[in-house]
Every structure is written in structure tokens, then in C-alpha cells.
Amino acid sequence: MSAEHAAPAAAPRTAPEPDGAPTGVWSTGVSRGGDGALSVAGVDLRELARTHGTPAYVVDEADLRRRARAFATAFDAAFAESEGMAGADVYYAGKAFLSLAVARWVHEEGLRIDTSTAGELAVALRAGVPGEAIGLHGNNKSDDEIRTALAHGVGRIVVDSLAEVGRVAALAREAGVRAPVMVRVTTGVHAGGHHFIATAHEDQKFGLSLASGAARKAVDEILAHDELELVGLHSHIGSQIVDLAGFAVAARAILGLRAQVAAETGHLAPEVDLGGGYGIRYTGADDVPPAPEQIARTLADAVRDVCTELGTPVPRISVEPGRSIAGPAGLTLYRVGTVKEVALDGGGTRTYVSVDGGMSDNIRTALYEAEYTATLADRRSDAATVTARVVGKHCESGDIVVRDVALPADVRAGDLLAVPATGAYGRSMASNYNLVPRPPVLALGDGEVRVLVRRETVDDLLALDLG
Ligand SMILES: Cc1ncc(COP(=O)(O)O)c(C=O)c1O
Ligand SMILES: N[C@@H](CCCC[NH3+])C(=O)O
């Protein structure tokens with residue numbers, strides 16, 4: 001279990017102060033001014049709230065770009081062909097957060113894009129990312145999704161079931177193309193911050209099992225279809241992982257399958273994708289996750305060692321980080337409304353601080369018991385701290401944004417609260433529960449604000465309702 005989901009400390013902590021460190025909970029562009037207000041990339045969040053309203057997702061463009069570039073640089077270096085490797089590609093996992101601008105940014109920084117639905121695929125294509133630099137995942141792809149992927153020449157369709165082999169082959173035949181496919185292999189490695197986000201153990205919906213022989217069967221069926229080109233094998237073990245050991249175990253398993261297939265069929269898969277899932281910090285009390293350089297080096301060592309043992313050439317490697325690129329680059333800015341003190345059974349009190357968003361803009365606390373922290377964003381306070389819980393405005397007692405945090409006792413209606421590390425799986429998992437319009441995504445850079453995704457309005461919601 002990762003620190004993200006560890007039992008809360010007895011006394012809640014205050015949020016760490018922004019310090020510009022890339023390993024902190026805040027993006028590197030966050031700072032607190034002399035008057036106590038937070039700013040991001042030179043933009044004062046009080047001014048941002050006045051002009052654009054709250055709640056709002058705030059993205060630090062330079063920080064997101066830097067994280068994307070760090071992955072590209074680290075993997076290029078660790079898998080450099082001069083080192084006896086066959087190179088590496090980094091695919092940004094669009095499910096973390098995808099918009100036209102973000103797709104362009106990460107592509108400009110040297111990344112490809114991993115998509116898992118027609119919607120994500122459409123955004124990546126509209127952003128101008130070439131089909132060959134896009135991958136398509138999905139455990140239940142529609143014919144239309146597969147057709148669109150083939151029509152745009154995506155670089156890989158990651159096959160997730162035996163039934164999909166024949167379907168992709170038929171649609172490739174219909175389109176008159178040869179489909180580049182990978183097989184998503186479940187290696188049996190159980191990893192991830194919460195059991196809902198672990199993806200490579202046997203009893204879940206993703207992939208084809210290595211242990212049962214289903215993965216091998218898919219490989220054989222693909223090799224028997226002229227319309228399909230087996231470009232590689234894929235493993236994704238889970239998400240919010242801070243211990244890299246599981247990746248090495250999965251790499252060993254998947255490289256073993258690749259060697260076995262090569263020995264028995266003569267087909268040596270040119271590529272192996274080791275998935276995403278690298279963890280980030282959410283509270284500051286959690287472990288410092290490995291940096292891209294360490295991740296790339298660890299994976300490169302594991303791949304090199306296993307291939308040497310197996311006597312097979314090293315494949316081209318790809319990875320699919322999402323959270324570790326978008327997560328720390330974002331924060332959510334809320335306005336405090338009702339503040340209520342509640343007596344606790346065992347004595348003491350808890351201060352419920354209601355904000356103008358909640359589980360509709362961040363479902364992760366309710367869904368995974370994820371931990372976050374929060375701080376006043378518009379002022380400094382010297383008041384003693386109280387045990388606080390930041391909650392939303394939804395009709396649900398589980399509508400919690402931050403379960404436990406120490407906030408100044410004078411926290412009051414009208415204050416601004418910032419919750420860090422919400423750049424991944426915040427907006428992308430947002431809902432309209434209670435018909436609450438979803439917040440905008442605002443990119444901040446060089447003192448400028450750019451609206452990446454505008455705020456939804458009640459009229460937007462009514463426009464969908466045809467009576
Ligand atoms: C296949 C696949 N690739 C990549 C990712 C991205 O994971 P993360 O955002 O944790 O890096 C996921 C999500 O867990 C996934 O399912
Ligand atoms: N949505 C998850 C992780 C993605 C799982 C995708 N396989 C989260 O917020 O942590």
C-alpha cells in the first residue's frame with residue numbers, strides 16, 4: 001500500500017509551504033507572496049479567482065512541460081542505442097488529463113500520446129499529433145474507435161481480449177490496411193496505491209493473462225492474421241506506484257514471453273511497453289517518488305539484465321506516464337463557504353470547511369480514499385490550527401475533498417483554498433453530480449492566464465436536456 005492511502009496521522013498536518021522543489025506537492029511555479037497570497041507562474045490566485053471564478057483547475061504550463069521533457073530526456077538517455085539498447089518512446093497517458101493544449105505541449109516536449117477512447121483519440125488528433133505517435137487502449141473498444149484509429153494510422157492498437165483479435169483483423173481488412181497491434185499482458189504483478197487502480201493481477205478486467213496462456217493464444221492468433229502486425233507486448237501494472245520493484249518483475253515476465261514466442265514462432269516482438277503508474281506526492285507526508293532519471297535507469301537495467309539472461313536482443317521500450325506529468329502541475333482553487341464545527345465522539349471537534357466544488361471535480365478521495373492537503377491561498381493566518389475536513393457542496397456525506405488537514409482556526413467564508421496535486425484524474429474524472437457545472441482549466445505561464453477548457457454553465461447542461 002502506498003503512503004497515499006496510509007492511515008491518517010493522529011494529528012492532521014498543515015500543507016507544506018510551496019518551495020519550488022520538483023519533488024514537492026506544489027508545482028514548481030507556486031509561491032507565497034509577502035501578503036500571504038499564493039501565485040502560480042506569477043499570477044496572483046486572488047486575481048485569478050476574481051476574474052475567472054472558483055472552483056477552477058489551475059495548470060502550471062512550464063511545470064507540466066518540464067515534467068514531460070524530463071521523461072523524454074531520461075528515457076532517451078537510459079535507452080540510447082549507443083548503449084546497446086533499441087531506444088525508447090514515452091507516451092503521455094491522456095486519461096490523466098487531455099485537452100488540445102496539453103496534447104500539443106507534451107508532443108512539443110517529445111512525447112507521444114496514449115489514448116483509450118474515441119474522445120481522447122479525437123483530442124490528440126485535433127491537436128495535430130500524428131496518428132503514428134498515438135496508441136489506442138481499451139478493454140471494450142467499439143468498432144468505430146477501431147475504425148477511427150485505423151483511418152488515422154495510429155502507431156499501435158493495444159489488444160485487450162481474444163475477441164478483439166478477430167475484430168481488429170476484420171476492420172483492418174475492411175480499411176485495406178495492416179493494423180499494428182500490441183497485446184496487453186497481465187503479468188500477475190499486483191501494484192498500485194489502491195486495489196481499484198492495480199491492473200495486472202488476475203481477477204480484473206484488463207488484459208490477457210500470462211499465467212492462463214490467454215496472452216500467448218492472442219499472440220498466436222495475431223501472427224496467424226495477415227491483416228495484423230504484432231509490434232509489441234504491453235504491461236501496465238497499476239497506478240500511484242512509488243516502489244519500482246514491481247516494474248522489474250513485470251518486465252522479466254513480459255520479456256520472457258517475448259523470448260518464448262521468438263523461440264517457438266520466429267517472431268521477435270520489436271517493442272515492449274512497460275506501462276505507466278509512477279506515483280506522485282499528494283500531502284507532503286508521503287514518500288518522495290522516484291524521478292524520471294531513476295525510473296528510466298531502473299527499467300533500463302532490468303531490461304538489459306533480463307535480455308542478456310534470455311539471450312534475446314533488447315526491444316524498443318515504451319512507457320505511459322500520466323499522473324507523474326500532469327498531477328503535480330495542477331492545483332484546484334476553491335472558495336470557502338459554510339464553516340461548521342462538529343463535536344467528535346471521542347472528544348474534541350472537527351471543523352467542516354465547505355467549498356464551492358467537491359466530489360464532482362475530485363472524485364478520488366471518495367473513490368480511493370486518496371489523501372490530499374489544502375492551504376489558504378489568499379492570506380496568511382497566525383491563528384492556531386484546527387482539525388479540519390474540506391468537503392464539497394454535494395448531497396452526499398462522502399463528498400470529501402481533503403479528509404484531514406490542519407487549517408487556521410480563523411478559516412472563514414470567502415477565503416480561498418488551494419488543493420495541490422490535482423492535475424491528474426481531477427478534471428478527467430469530473431462529473432455533473434447534482435447538476436454542478438464542471439470548473440474551467442486555466443493554464444498559467446509567464447504571468448498570463450489562458451483558458452484551456454472553459455467553465456461549464458447551467459445552460460450547457462440544459463442544452464443537453466431535450467425535454
Ligand atoms: C494502460 C495504462 N497506461 C497508462 C496509465 C497511466 O497511469 P498513470 O497516470 O498512473 O501514470 C494507465 C492508468 O493507470 C493505464 O491503464
Ligand atoms: N484514475 C486513477 C488511476 C487510473 C487508473 C487507470 N488504469 C486515479 O485517479 O488514481
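How many bridges join β17 to strand β18 (residues 400–408)? In this predicted model, 6 bridges join the two strands, and they run antiparallel. Within this pairing, T385 stands opposite P408 in β18.

Strand β17 also has a partner in strand β15 (residues 349–355), to which it is joined by 4 bridges in the parallel sense. Here V353 faces V390 of β17. The two pairings are set out below.

| Strand paired with β17 | Sense | Bridges | Residues standing opposite |
|---|---|---|---|
| β15 (residues 349–355) | parallel | 4 bridges | V353 and V390 |
| β18 (residues 400–408) | antiparallel | 6 bridges | P408 and T385 |

A329 is buried, because 31 other C-beta atoms lie within 10 Å and the threshold for a buried residue is 20 or more. Beyond its neighbours within four places in sequence, A329 is in contact with S27, V59, D60, D63, L64, R67 and G423. The C-alpha atoms of A329 and R65 are separated by 8.9 Å, although these residues are 264 residues apart along the chain.

The model also contains ligand 1, which has 17 residues around it; A93, S239, G276, G322 and R323 come nearest. By class, the shell around ligand 1 comprises 9 polar, 5 nonpolar and 3 charged residues.

Conventions. Residues are numbered from 1 along each chain as its sequence is written. Chains are lettered from A and ligands numbered from 1 in the order in which they are written. This is a predicted model: local features need pLDDT of at least 70, side-chain atom pairs count only at pLDDT 80 or more; totals for chains, interfaces and linings use all residues. Two strands pair if DSSP finds at least two bridges between them. A residue is near a molecule or strand if its C-beta atom, placed from the backbone, lies within 6 Å of it. Ala, Val, Leu, Ile, Met, Phe, Trp, Tyr, Cys and Pro count as nonpolar, Asp, Glu, Lys and Arg as charged, and the others, Gly among them, as polar. A residue is buried if 20 or more other C-beta atoms lie within 10 Å of its own, exposed if 12 or fewer, and partly exposed in between; C-beta atoms are placed from the backbone. Two residues are in contact if their C-beta atoms, placed from the backbone, lie within 7 Å.
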